[in-house]
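Grab a pencil and have a look at the model below. Each exercise gives you a task, and a worked solution follows it.

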Amino acid sequence: MHWLRKAAEQGHELAQNQLGRMYETGRGSAQDDEQAVFWYRRAAQQGNAWALVGLGVMYLKGRGVEKDYGQAVYWFRKAAELGNVASQCQLAWLYRDGRGVEQDHKKSAFWFQKAAEQGDELAQYLLGGICEERHGVEQGYEQAVFWYSKAAEQDHVLSQKQLGKMYRDGRGVEQDDVQAVYWFRKSALQGNDWGQYYLGLMYQEGRGVGQDDSQALYWLCQSAEQGLEAAKRAC
């Protein structure tokens, strides 16, 4: 904190941002949201992307400043335009929910896509859902499969489950039970309740795997133990 402050007071933007982070988290000093905002603002005014994000988060949560979604949007947009993935996702959420801006699904999809193109797995999954539902975009199932695949290959559990459904139902891809089982299993092994449920059904019906009641029961019960009602009924 001593040396960060020395550098920050001389206008060093990285030190200012880090000092804001230290105050926000209470590392090296007592936690102090107002000081965090002060130093984030100093760094943000110099264009530091992470300080822009930090300041946006403080406005979003009302920490050290009065909660103000409009200001959150303002700072997130500045960081998003610099290519910061975290702020692109935050901005997409705000447009989706209409907080601080007029609700706009097209702009939400635009910013999720910016983050997805940089490899953010959550943005890829959410963009896949947007494409699947055609919510603010013209693309349909094929583009949904594309983005689900990108995230699933990064072991994103919800994308693996969703990709399994696309293969099972033949939406956006040629119907393929073997591929469906492959992705359901990936999801199930990571503990996803719906992935376990769907894998159990595939074993029960002998789709993509040999019919196996013991394996079906195992996966359905694994899902049921997590509280999934559909699995409880099947188990």
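## Exercise 1: Cysteines

The sulfur of Cys-131 is 15 Å from the closest cysteine sulfur, the one in Cys-89, and that's too far for a bond. Before you go on, note that this is a predicted model, where local features need pLDDT of at least 70, side-chain atom pairs count only at pLDDT 80 or more, and totals for chains, interfaces and linings use all residues. Residues are numbered from 1 along each chain as its sequence is written, and side-chain values use heavy atoms, with hydrogens and water left out.

**Task.** Work out how many disulfides the count comes to, and say whether Cys-89 is buried or exposed.

**Solution.** 
- Step 1: A disulfide is a covalent bond between the sulfur atoms of two cysteines.
- Step 2: get the cut-off. The pair of cysteine sulfur atoms has to be within 2.5 Å.
- Step 3: check from the other side. For Cys-89, the closest cysteine sulfur is in Cys-131, at 15 Å, so it's too far for a bond.
- Step 4: count. You end up with zero disulfides by this rule.
- Step 5: look at accessibility. Buried means under 20% relative accessible area, exposed means over 50%, and partly exposed is in between (1.4 Å probe, protein chains only). Cys-89 has 12% relative accessibility, so it counts as buried. Cys-131 is buried too, with a relative accessible area of 1%.

## Exercise 2: Helix pairs

**Task.** Describe how H6 packs with H7, how H2 packs with H3, and how H1 and H3 cross.

**Solution.** 
- Step 1: sort out the terms. Helices (H or I, at least four residues) are DSSP runs, numbered from the N terminus. Axes are lines fitted to C-alpha atoms, for helices over the stretch in contact, and angles run from 0 to 180 degrees between N-to-C directions. Angles under 35 degrees count as roughly parallel, over 145 as roughly antiparallel, 65 to 115 as roughly perpendicular, and the rest as oblique. A crossing is left-handed if the near helix is turned anticlockwise from the far one by less than a right angle, and right-handed if clockwise.
- Step 2: take H6 (residues 85-97) and H7 (residues 105-117). Their axes come within 8 Å and cross at roughly 160°. That makes H6 roughly antiparallel to H7, and the crossing of the pair H6 and H7 is left-handed.
- Step 3: find who touches whom, where contact means heavy atoms within 4.5 Å. H6 residues including Cys-89, Trp-93 and Tyr-95 meet H7 residues including Trp-111 and Phe-112. By class, the contact of H6 with H7 has nine nonpolar, three polar and three charged residues. Here Ala, Val, Leu, Ile, Met, Phe, Trp, Tyr, Cys and Pro count as nonpolar, Asp, Glu, Lys and Arg as charged, and the others, Gly among them, as polar.
- Step 4: move to H2 (residues 13-25) and H3. The axes come within 8 Å and cross at roughly 160°. That makes H2 roughly antiparallel to H3, and H2 passes H3 in a left-handed crossing. Among the residues making this contact are Leu-19 and Tyr-23 of H2, with Trp-39 and Tyr-40 of H3. The contact of H2 with H3 divides into six nonpolar, four polar and five charged residues.
- Step 5: finish with H1 (residues 2-9) and H3 (residues 33-44). Their axes come within 11 Å and cross at roughly 45°, so H1 and H3 are oblique to each other. This crossing of H1 and H3 is left-handed. Arg-5, Ala-8 and Glu-9 in H1 meet Gln-35, Trp-39 and Arg-42 in H3. The classes in the contact of H1 with H3 are two nonpolar, one polar and three charged.

## Exercise 3: Single residues

**Task.** Where does Asp-155 lie, and which residues does Ser-87 contact, leaving aside its neighbours within four places in sequence?

**Solution.** 
- Step 1: You'll find Asp-155 in the loop between helix H9 (141-152) and helix H10 (157-169).
- Step 2: check the backbone. Most residues other than glycine have a negative phi. Phi of Asp-155 is near 70°, a positive value in a residue other than glycine. With 44% relative accessibility, Asp-155 counts as partly exposed.
- Step 3: turn to Ser-87, which lies in helix H6. Ser-87 is buried, with a relative accessible area of 0%. Leaving aside neighbours within four places in sequence, Ser-87 contacts Val-53, Phe-76, Ala-79 and Ala-80.

Key: Helix = DSSP H or I, 4+ residues; strand = E, 2+ residues; numbered from the N terminus.
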